[in-house]
Structure formats: structure tokens, C-alpha cells
Amino acid sequence: MKISLKACAFGSAFALLLPLAAQAHKPWMEPSKTVLSVGQWVTVDVAAATVPFIKDHVGIPLDNLVITAPDGSTVPPENAAKGKLRSSFDLQLNQAGTYRIANNNTNISASWTEDGKPKRWPPRFVQYTPEAFAKEVPAKAKDLKVTQVISRLETYVTAGKPSEGALKLSGKGLELAPASPVNDLYAGEEATLLFVIDGKPAADVEFELIADGSRYRDAIGETMLKTDKNGALKITWPTAGLYYLSAAVTDDKGEKPAKQRRSSYAGIFEVLAP
Amino acid sequence: MKPSFVRTPLSLALCGLAAPAVAADLDVSVQIPQLDVAEYHRPYVAVWVEREDRSVASNLAVWYQVKRGGPPGAAPAAGAPAQQAGGEGGTKWLPDLRQWWRRTGRELTVPIDGVTSATKPVGEYKLAFSQGKAPLGELAPGKYKLMVEAAREDGGRELVDIAFEWPAKARQELKASGKSELGAITLGIAP
């Protein structure tokens with residue numbers, strides 16, 4: 001009983017392992033500041049919880065953390081630690097420009113029915129390999145669904161003038177395009193964030209926007225927004241603060257042996273008072 | 001002796017007549033108010049001229065903790081590596097002048113000759129600028145705003161603006177006042 005409860009909690013925390021289930025726990029990051037001068041430090045919390053920015057569930061391992069500096073190079077985090085309710089790390093901004101902090105993952109998972117019970121593979125934090133897949137997933141299982149999952153969790157911090165050098169696209173899945181003003185956002189002003197899927201405009205994708213501080217409100221207060229045909233998402237920020245913006249797109253472009261693909265994006269943005 | 005005595009008022013008068021064609025002046029007075037707080041840090045202050053589209057026409061003054069955590073004159077910049085010798089660098093709080101930072105600060109490398117200087121104690125400060133001379137530069141005819149922003153560690157932040165038209169047709173004195181971090185702001189413009 002204990003084990004299955006744990007598995008359930010972790011499984012739902014990492015939707016990448018449960019592609020077909022509802023994403024009960026949201027992965028999120030919380031940067032201490034996003035608009036700084038060169039040489040300053042930021043500290044970032046990384047966790048998953050039912051509601052973004054609430055530290056009441058689980059810290060996300062930082063194995064997949066990739067910090068891209070303004071010049072496009074990768075810089076390591078400092079003081080990285082996996083915590084019970086949140087993981088965290090520090091970063092000094094030694095270059096002028098925008099840094100991208102990403103915890104991304106690509107995996108392939110399978111679900112099927114065996115003896116009337118639902119089965120899933122791979123277990124938590126286990127990466128797909130063709131050998132393990134062939135061994136663990138029965139090829140002719142009942143209700144077999146094989147899904148490729150591409151998940152992105154990103155935030156952005158800028159020292160000095162914002163730049164686009166760290167925002168290069170991978171061309172795979174749902175991504176934020178470089179022309180987006182990630183650290184130039186102000187309450188009461190409209191910003192246009194650009195999204196692409198496989199490098200092409202992500203048209204008509206529905207995003208969910210959640211402001212920080214939901215613990216002190218009666219409702220989470222999410223707002224649903226949709227990209228236009230050019231993949232542009234127009235947001236007029238109601239108040240200053242941190243925001244959690246997320247979306248997931250399901251299609252049948254999964255890489256073999258997957259057929260389906262679930263491509264998700266979650267970005268954390270800081271909006272300043274004008 | 002006598003001729004020069006006679007000539008001096010005359011030359012002054014000529015000077016006054018010639019002034020409109022030669023140089024227009026912009027005088028700014030900024031008051032840093034006395035605050036009754038337990039822990040007082042001098043505010044960071046930025047003074048600049050904004051165009052109608054909110055772009056910056058000129059940076060007039062930036063007062064920040066120039067020497068903190070580094071050798072004098074080598075204070076870290078918006079765009080240069082900070083901290084020598086383990087200090088935090090006086091530029092750390094420059095982004096707290098958030099409107100100035102957004103409009104111009106984040107693109108600058110400080111210190112800037114004739115613009116940046118150390119923070120100031122409580123008092124009234126008079127700054128004088130001339131058309132065609134740094135840091136005001138050549139201000140094209142048009143509508144502008146004088147912007148004065150202050151941010152204080154362990155304190156608040158305030159932005160005061162005064163709209164004006166340039167060049168002035170006649171000598172003008174425009175006033176505004178802050179409520180918390182800034183006191184009286186005066187803008188004098190002379191044709």
C-alpha cells in the first residue's frame with residue numbers, strides 16, 4: 001500500500017511518465033529575481049505541486065537541468081540540492097544578457113492492460129531504452145499505448161539588457177521562440193510570446209496562465225489563452241508578480257516505437273510594476 | 001579701470017540678448033527628504049529626459065554607491081563583470097530604479113563621466129544643463145518629460161515626472177513633488 005501510494009504521487013508529479021493521465025501535479029520553478037545587473041546571484045527553486053509555487057509536494061531532481069548563458073554556452077548550477085519539497089540551486093550572472101534555465105526531458109512510455117489491471121512502463125526516473133522496452137513491454141499487450149513525451153520546464157533571468165542568444169530552438173516539440181520578451185514584462189502592458197512546435201508556428205494552442213499567490217486567494221484563478229495562427233500568445237498582465245504559463249499538445253508524431261506524442265511547455269515569467 | 005567698469009554691465013546685457021540663439025538651459029532641483037526611519041540608506045536616484053514614445057533623450061544624473069565592493073572608478077556595470085574583492089558591487093540595486101533600468105540603465109556601462117556620482121545625503125541639489133553640452137546633448141524641439149526616480153535600500157521607490165516643451169518660449173519654472181522618497185522637484189527651462 002505504501003509503495004503504491006508513493007508510486008502514484010511520484011508518477012503524477014512527473015507527467016512525463018504518465019502521459020495519458022491528467023497532469024495532477026505541475027512542475028514549476030521559482031527564480032528569486034529575473035531582472036538584475038551583471039555579477040548578481042539568483043537562486044531558483046524547482047518542484048512539482050498541484051498548484052505552482054506552492055511547496056507541498058516534491059522537489060524535482062536536477063539531473064536534466066540545463067542553464068544556457070547569453071553567449072549560448074552551458075553553465076553549471078552551484079549548490080544544487082534535491083530537497084524534499086523543492087530542489088534548488090544558485091547561479092551567478094557573469095554575462096550580460098538573458099539566461100535560459102531549463103529542466104527538460106524526452107522519454108517514451110507505454111501503458112497497457114494485463115490481467116485486468118493497468119500497467120505502465122518505465123518506472124519513475126527511468127529513461128527509455130529499446131532493450132528495456134523490448135524486455136518489459138509485451139508487444140501484443142491489450143490496450144497498448146506507446147507515447148513519446150517531450151516536456152519543457154523553463155524560466156529566464158537577465159543581467160542588463162535582454163538578449164536572445166540563450167533562447168535557441170531545438171526544433172522538437174512545443175517551444176518558446178527567441179523573439180519573445182521573456183524578461184521585459186510589465187503589469188498593465190500587453191506582451192506577445194511566440195510559440196513554435198517542431199520549429200513551426202504553434203497555432204491555436206491553449207495555454208493556462210496562473211499567477212503566484214493562489215494560497216492567499218479563494219481560487220487558483222487560472223486564465224485560458226490561445227495562440228493565434230502565427231503562434232503568438234498575447235497576454236496583458238493584470239498585476240506584477242510571478243506567472244506560470246503552461247500548455248500541452250498531443251499529436252501522432254511520436255518517434256518509434258511510440259505513435260502518440262505529448263509535447264508540453266511550462267514557463268515561469270516575472271512581471272514587474274511599470 | 002573706469003572703462004571696464006562701464007563696459008561690464010553692457011557686455012552682460014549683450015550676453016543676455018544673445019542667449020536665446022546660443023544656448024538653452026535646463027535646471028533641475030532635486031530634494032532628498034528627511035525620513036524618520038530606524039535604518040536609513042541614501043537613495044539611488046536617476047534623472048533623465050524622456051521623449052513622448054518613452055525612449056530616453058538623455059541621462060542627466062545617476063547617484064549610486066559607486067565605490068562599494070570594488071576599487072574606485074572600477075565599479076561594475078550594467079554590462080561588465082561585477083565584484084572584485086568579494087564585494088557585492090554598488091550596481092546591485094541599480095535595477096531597483098526600475099523605470100530607469102528598463103528605459104536605459106540596463107543598456108549602459110557605469111560609471112559614466114558627468115552623469116554618475118555617489119549617493120547624496122538629505123538635502124536639495126541643483127543641477128544645471130545646457131543645450132548642446134553633455135550630458136543633455138542636443139535636445140530636438142518637441143515634448144518631453146523630466147523623470148526623477150529614487151529607490152532606497154530597506155525603503156521604497158518613487159517616480160516623479162514633469163512634462164515640458166522644448167525649447168521654452170520664455171523662462172519657465174515647473175514644479176512637482178514626491179510623496180515618499182522624493183521631495184520637491186523643480187525644473188527651470190530657459191530659452
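**Exercise 1. Salt bridges across the interface**

Determine how many salt bridges link chain B and chain A in this predicted model, and characterise the surroundings of these contacts.

*Solution.* 
Step 1. Between chain B and chain A the count is 2 salt bridges.
Step 2. One pairing to inspect is that of R106(B) with D184(A): the closest N and O atoms lie 2.9 Å apart, inside the 4 Å limit that defines a salt bridge.
Step 3. Turning to polar contacts, 5 residue pairs are found between chain B and chain A, with both residues at pLDDT 80 or more.
Step 4. Helix α2 (residues 98-103) of chain B provides 4 residues, the largest share of the side of chain B that touches chain A.
Step 5. By class, that side of chain B comprises 7 nonpolar, 4 polar and 7 charged residues.

**Exercise 2. Extent of the interface**

State how many residues each chain brings to the contact, what area is buried between chain B and chain A, and which three residues of chain B supply more of its buried area than any other three.

*Solution.* 
Step 1. Chain B contributes 18 residues to the contact, and chain A contributes 18 residues.
Step 2. The two chains bury about 1400 Å² between them, with 48% of this area on carbon and sulfur atoms.
Step 3. Of the area that chain B buries against chain A, 39% comes from R98(B), R102(B) and R106(B), more than from any other three residues.

**Exercise 3. Architecture of chain B**

Describe the secondary structure of chain B, then find the edge strands of its five-stranded open sheet.

*Solution.* 
Step 1. Chain B has 2 helices and 9 strands, which follow one another along the sequence as α-β-β-β-α-β-β-β-β-β-β.
Step 2. An open sheet of 5 strands has the order β4-β3-β2-β6-β7 in chain B, with mixed pairing.
Step 3. The edges are β4 (116-117) and β7 (157-166) of chain B; each has a single partner strand, so one side of each is left without a neighbour in the sheet.
Step 4. Within the sheet, β2 (residues 44-51) and β6 (residues 142-151) of chain B run antiparallel and are joined by 8 bridges. For V47(B), the bridge partner in β6(B) is V148(B).
Step 5. For chain B as a whole, 42% of its 191 residues are buried. Among its contacts with a separation of 6 or more, 63% are between residues 24 or more positions apart.

**Exercise 4. Salt bridges in the whole structure**

*Solution.* 
Step 1. In chain A, R261(A) and D251(A) form one of them, with the closest N and O atoms 2.9 Å apart. R261(A) belongs to strand β20 (residues 260-271) and D251(A) to strand β19 (residues 241-251) of chain A, so the pair ties together parts that are 10 residues apart in sequence.
Step 2. In chain B, K175(B) forms a salt bridge with E173(B), at 3.9 Å from N to O. K175(B) has a relative accessible area of 63% and is therefore exposed, the threshold being over 50%.
Step 3. Finally, E30(A), D45(A), K55(A) and R86(A) are joined into one network by salt bridges that share partners.

Key
Residues numbered from 1 in each chain as written. Chains lettered and ligands numbered in written order. Predicted model: local features only at pLDDT ≥ 70, side-chain atom pairs only at ≥ 80, totals over all residues. Heavy atoms only, no water. Contact = heavy atoms within 4.5 Å. Buried area = accessible area lost by both parts, 1.4 Å probe. Salt bridge = Lys/Arg side-chain N within 4 Å of Asp/Glu carboxyl O. Polar contact = N/O pair within 3.5 Å; in protein donor to acceptor, adjacent residues only side chain to side chain. Nonpolar A, V, L, I, M, F, W, Y, C, P; charged D, E, K, R; others polar. Pairing = 2+ DSSP bridges. Buried < 20%, exposed > 50% of the residue type's maximum accessible area, 1.4 Å probe, protein only.
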